[in-house]
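Hello,

Here is the structure I promised to pass on to you. Please open it alongside this email, and I will walk you through what turned up.

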Amino acid sequence: SEAFNTMTGQLCERERMLKQDAEKEKKRAAMMEGYHELLLEMMHRSHEHILVLDEDTKEIVYGNRQGEPDVESCNIGFEELDEVEQIIVAKNDIEEKIWEAEDSQGRSYRIMTALIEWQGHRAHAHIIRDITEERQREEKLADQAYTDSLTNIGNRFYFNEQMKRLLDRKLSFVLCYFDLDHLKYINDRFGHAEGDVYLCTFASAVKNRIRENDIFARIGGDEFCAVFEECPKKVAEQKLEKILCEFSDMHIEKYPASFSYGTVEVKAYDENLSISDILKCVDDEMYVQKKIHRQKYKEKLRD
């Protein structure tokens, strides 16, 4: 009887513990279901496209956009997704990759691809975010950082970056250094607003005569540089003479329009050249013409 009572007590205690475990499991299942519903709701409300593709069949097993659960709704091709999936599969140590893609309409996307388990199968989850506006803002800021606000051409930062590119790649080019004549006189006599017009008129005259891919920048108050890539020096100087003639022939009654310039040719095999070395060389040549122009326009610029 005593043994029976002990066994009965043990069975009751066992039953009580099982009921506690079952209750805990029930609460845990309810909590997990709540989390699952919350997660799905958040995924449905997300502004990002979420796609889950079966690793073997490439079938879309989940898409968070109702009515358009496919890759085309994001304008991203299967080829791009498949290429990144192959990279992840090929390298076992890589479980996720963040990459960017652009569609045929020019829209940009940042995509996080991860290898996951979905309902007992291996799958790739793609979280696709449209970053077109972000890229446009970045490009606008970059343009502002490298653009002279008055003449709307490149500034000194832009010029230095382009020169570094040419020198690093050891490309041949002709550099022209301009110094706009009479700017101080115009500012003092007619005001800075007139001086700004003079600067912009000069910049437009040069832009109309150079190629679209030529480098043109304002590097100081009245100092400009143009760089002609893969262009013989003789051809560049002929072009500059035409620009000077056209600019000088402009009908400005208040003052003569002119500029002084010097040119230097840099060969692809020139070694150890710096930007300052090149500018020093071309500045010396420009200054010779500057002195000639001062004498030429001395009478016309007298008060």
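To get started: in which helix does Cys200 lie? The answer is helix 6, which covers residues 192-207. Before going further, please keep in mind that this is a predicted model.

**Around Cys200**

Is Cys200 buried, exposed or partly exposed? Its relative accessibility is 25%, so Cys200 counts as partly exposed. Leaving aside residues up to four places away in sequence, Cys200 touches Leu150 and Thr151.

Next, have a look at the open sheet of 4 strands, which has the order 7-8-6-9 and antiparallel pairing. Its edge strands are strand 7 (215-218) and strand 9, each of which pairs on one side only. From one strand to the next, the twist averages 15°.

Strand 9 runs over residues 259-266 and is mostly covered, with 7 of its 8 residues buried. Its partner is strand 6 (residues 173-180), and the two pair in the antiparallel sense over 8 bridges. Tyr177 has Gly262 in strand 9 as its bridge partner, and Cys176 has Thr263.

Helix 7 (residues 233-248) lies across strand 6, strand 8 (223-229) and strand 9, and it runs at about 170° to strand 9. Helix 8 (residues 275-296) also lies across strand 6, strand 8 and strand 9, here at about 150° to strand 9.

**The nonpolar cores**

As general background, nonpolar side chains in soluble globular proteins tend to be buried together. In this model, the largest nonpolar core has 31 residues. Which residues have the most contacts inside it? They are Phe178, Tyr198, Phe202, Phe216, Phe228, Phe247 and Phe259. Two or more residues each come from strand 6, helix 5 (183-190), helix 6, strand 8, helix 7 and strand 9. Helix 6, the one that holds Cys200, gives the most to this core, with 6 residues.

Not counting residues up to four places away in sequence, it touches Phe178, Leu180, Phe216, Phe224, Phe247 and Phe259. There is also a second, separate core of 20 residues, which includes Leu175, Ile215, Leu279 and Val282.

After helix 5 comes Gly191, which has a positive phi, near 100°.

Now please turn to another open sheet, where 5 strands follow the order 2-1-5-4-3 with antiparallel pairing. At its edges are strand 2 (60-63) and strand 3, and each of them pairs on one side only. Ignoring direction, neighbouring strands of this sheet are turned by 25° against each other on average.

Helix 3 has 14 residues, 132-145, and reaches 20 Å from its first C-alpha to its last, close to the 20 Å expected at 1.5 Å a residue. Which residues of helix 3 are buried? Thr132, Glu134 and Arg135 are. Why do they share a side of helix 3? They cover an arc of only 160° around the axis, which puts them on the same side. What covers the buried residues of helix 3 includes strand 3 (96-102), strand 4 (108-118) and strand 5 (121-130). On the other side of the helix, Glu133, Arg137, Lys140, Leu141 and Gln144 are exposed.

Enjoy exploring it!

Best wishes

Methods:
Residues are numbered from 1 along each chain as its sequence is written. This is a predicted model: local features need pLDDT of at least 70, side-chain atom pairs count only at pLDDT 80 or more; totals for chains, interfaces and linings use all residues. Side-chain values use heavy atoms; hydrogens and water are left out. The expected span of a helix is 1.5 Å times one less than its number of residues. Buried means under 20% relative accessible area, exposed over 50%, partly exposed in between (1.4 Å probe, protein chains only). The arc is that of the directions from the helix axis to the C-beta atoms. Contact means heavy atoms within 4.5 Å. Two strands pair if DSSP finds at least two bridges between them. Axes are lines fitted to C-alpha atoms, for helices over the stretch in contact, and angles run from 0 to 180 degrees between N-to-C directions. A nonpolar core is a set of buried Ala, Val, Leu, Ile, Met, Phe, Trp, Tyr and Cys residues joined through side-chain atoms within 4.5 Å.
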